[in-house]
Amino acid sequence: MQIREAHTPSYYAASAHPAPERPALNDHLEADVAIVGGGFTGVASALSLAERGYSVVLLEANRIGWGASGRNGGQVLAGWSGEGELVKQLGPKAEEFLWKTRYLGNEIVEARIQKYDIKCDYVHGAATVAFNNAQIKSLEEEYADCVEHGFGEFMSLVDGPGLRQHAATDAYIGGLIDRRGAHCHPLNLVIGEAGAAERNGVKIFEATRVTKIDHGASPAVHTDNGSVKAKHVILAGNAYHMLEKDKLHGLMLPAKTYVIATEPLGEDLAHELLPDNLAICDSNWVLDYFRLTGDNRLLFGGRCTYSNRDIDDIAGELAPRMRRIFPQLEKTKVDFAWGGVIGIPLNRVPLIGKVSDNVFYAQGYAGHGVNCGHIVGEMFADAIRGKETGVDLFEATRHFRIPAADTIGGPMLALGMTWYRMRDALGI
Ligand SMILES: Cc1cc2nc3c(=O)[nH]c(=O)nc-3n(C[C@H](O)[C@H](O)[C@H](O)COP(=O)(O)OP(=O)(O)OC[C@H]3O[C@@H](n4cnc5c(N)ncnc54)[C@H](O)[C@@H]3O)c2cc1C
């Protein structure tokens with residue numbers, strides 16, 4: 001029997017729009033494209049392909065949005081993780097690609113919300129904030145770069161008192177506000193897009209874990225009770241799949257990261273804390289981020305654990321961090337606390353490419369998956385249509401592989417993160 005894990009108990013699951021429980025696959029099907037995984041990467045690819053007229057079957061091991069896509073901070077940020085490394089390795093062509101796609105994910109999401117009438121509490125406005133002068137300097141450089149590339153009108157640099165107009169805290173010494181950044185209810189976004197994909201002809205099966213991919217002129221994906229033979233396969237299982245180990249194992253270590261949501265604050269307190277409803281993330285390597293939800297809770301995320309170690313008391317760890325930023329929440333209750341696995345490649349550059357000629361994969365966007373999952377969906381749909389996209393660029397990137405990642409990988413990454421925490425503490 002195939003088991004379908006329910007959504008993790010989170011604020012998102014508690015406020016999700018109703019979505020049908022799709023059947024498991026018990027058949028042998030054929031399609032132009034078979035997709036493994038029903039998060040943003042899988043669902044956005046499915047919708048982009050269906051809009052271009054391809055027949056698509058999407059197989060999800062649990063439920064649509066069960067993975068990181070239905071659990072994340074909901075921040076729809078600009079750009080990619082690992083941009084500096086990508087440019088260091090590949091030079092001007094990477095730089096050109098990054099500027100061209102800086103807000104592409106946001107644009108795709110906004111167009112879909114509009115076209116398919118998806119209700120997901122989408123609100124414009126994000127800010128990156130700084131604790132120290134080194135972080136301010138890097139925000140100043142980012143601002144100057146944005147101005148140079150024609151994005152200056154959306155951005156503003158603010159000092160400590162200036163930032164206080166947007167976030168009622170003395171924790172930071174300044175920040176960079178990005179009016180094209182946004183935040184949303186990610187589970188409702190992916191649920192809405194899956195519905196739109198189905199209306200465009202995509203067949204979705206849940207409780208259906210892909211166990212094997214056959215390569216060749218007509219690749220096929222296999223499950224316990226069925227298969228899909230296709231012209232192309234997209235592997236979009238992110239940190240949760242164990243497929244194609246020869247090519248993909250040890251490149252990305254699954255880190256767990258955590259989120260809490262308070263009780264509703266009421267309009268007055270919510271407006272006092274974040275008057276123009278910005279989504280905020282700090283500039284630390286191991287960062288904290290927060291925003292208001294549609295019903296005026298503070299949703300606050302942070303902390304990472306490795307080696308499959310879980311935090312026993314998520315609220316006990318995160319609430320004090322939240323109250324250091326907003327002492328106004330001293331007496332506010334935490335209603336929800338949850339975690340999720342986030343794929344982080346060791347050099348932070350997302351892993352995007354081909355396992356073989358017609359089998360694509362994408363994973364490891366770190367904290368940029370809401371926007372980047374959507375960009376990748378377009379990239380794959382274009383690549384399948386034979387258009388040039390950024391897939392080659394990412395494939396050309398050198399990644400580190402940790403041998404015996406299951407045993408020594410976790411402790412090594414934990415050591416690496418201790419170094420990054422030290423850098424955060426020292427402001428270097
Ligand atoms: C707590 C947390 C906070 C985050 N905050 C943000 C944020 O604020 N902004 C942002 O942009 N990004 C954020 N991220 C990252 C972002 O959520 C991810 O990068 C993004 O959701 C990845 O989407 P995906 O579709 O590639 O993978 P996922 O959403 O993880 O989906 C993968 C899916 O594949 C399925 N699957 C796996 N193996 C198989 C198989 N063999 N067969 C069938 N199905 C399979 C899984 O069940 C899962 O549903 C956060 C992540 C976490 C965990």
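A polar contact is a pair of N or O atoms within 3.5 Å. In this predicted model, an oxygen atom of the ligand lies 3.0 Å from a polar backbone atom of Phe 40, and a nitrogen atom of the ligand is 2.9 Å from a polar backbone atom of Val 210.

## The shell around the ligand

Of the 1000 Å² of accessible area that the ligand has on its own, the protein covers 98%.

In total, 40 residues surround the ligand, and Thr 41, Glu 60, Ser 69, Val 210 and Val 370 are the closest. Sorted by class, the shell has 17 nonpolar, 20 polar and 3 charged residues.

## Aromatic rings

The whole structure holds 14 aromatic pairs. One of them is the tilted pair of Tyr 11 and Tyr 12, with 5.7 Å from centre to centre and 55° between the planes; both residues are buried, and together with Phe 336 and Trp 338 they form one aromatic cluster.

Trp 80 and Phe 394 make another tilted pair, 4.9 Å centre to centre with 45° between the planes. Because Trp 80 lies in the loop between strand 3 (75-76) and helix 3 (83-90), while Phe 394 belongs to helix 13 (residues 391-395), this pair ties together parts that are 314 residues apart in sequence.

Terms used: Residues numbered from 1 in each chain as written. Predicted model: local features only at pLDDT ≥ 70, side-chain atom pairs only at ≥ 80, totals over all residues. Heavy atoms only, no water. Phe/Tyr/Trp six-rings, centres within 6.5 Å; stacked < 30°, edge-to-face > 60°. Buried < 20%, exposed > 50% of the residue type's maximum accessible area, 1.4 Å probe, protein only. Helix = DSSP H or I, 4+ residues; strand = E, 2+ residues; numbered from the N terminus. Near = heavy atom within 4 Å. Polar contact = N/O pair within 3.5 Å; in protein donor to acceptor, adjacent residues only side chain to side chain. Areas by Shrake-Rupley, 256 points an atom, 1.4 Å probe, with all protein chains shown as cover. Nonpolar A, V, L, I, M, F, W, Y, C, P; charged D, E, K, R; others polar.
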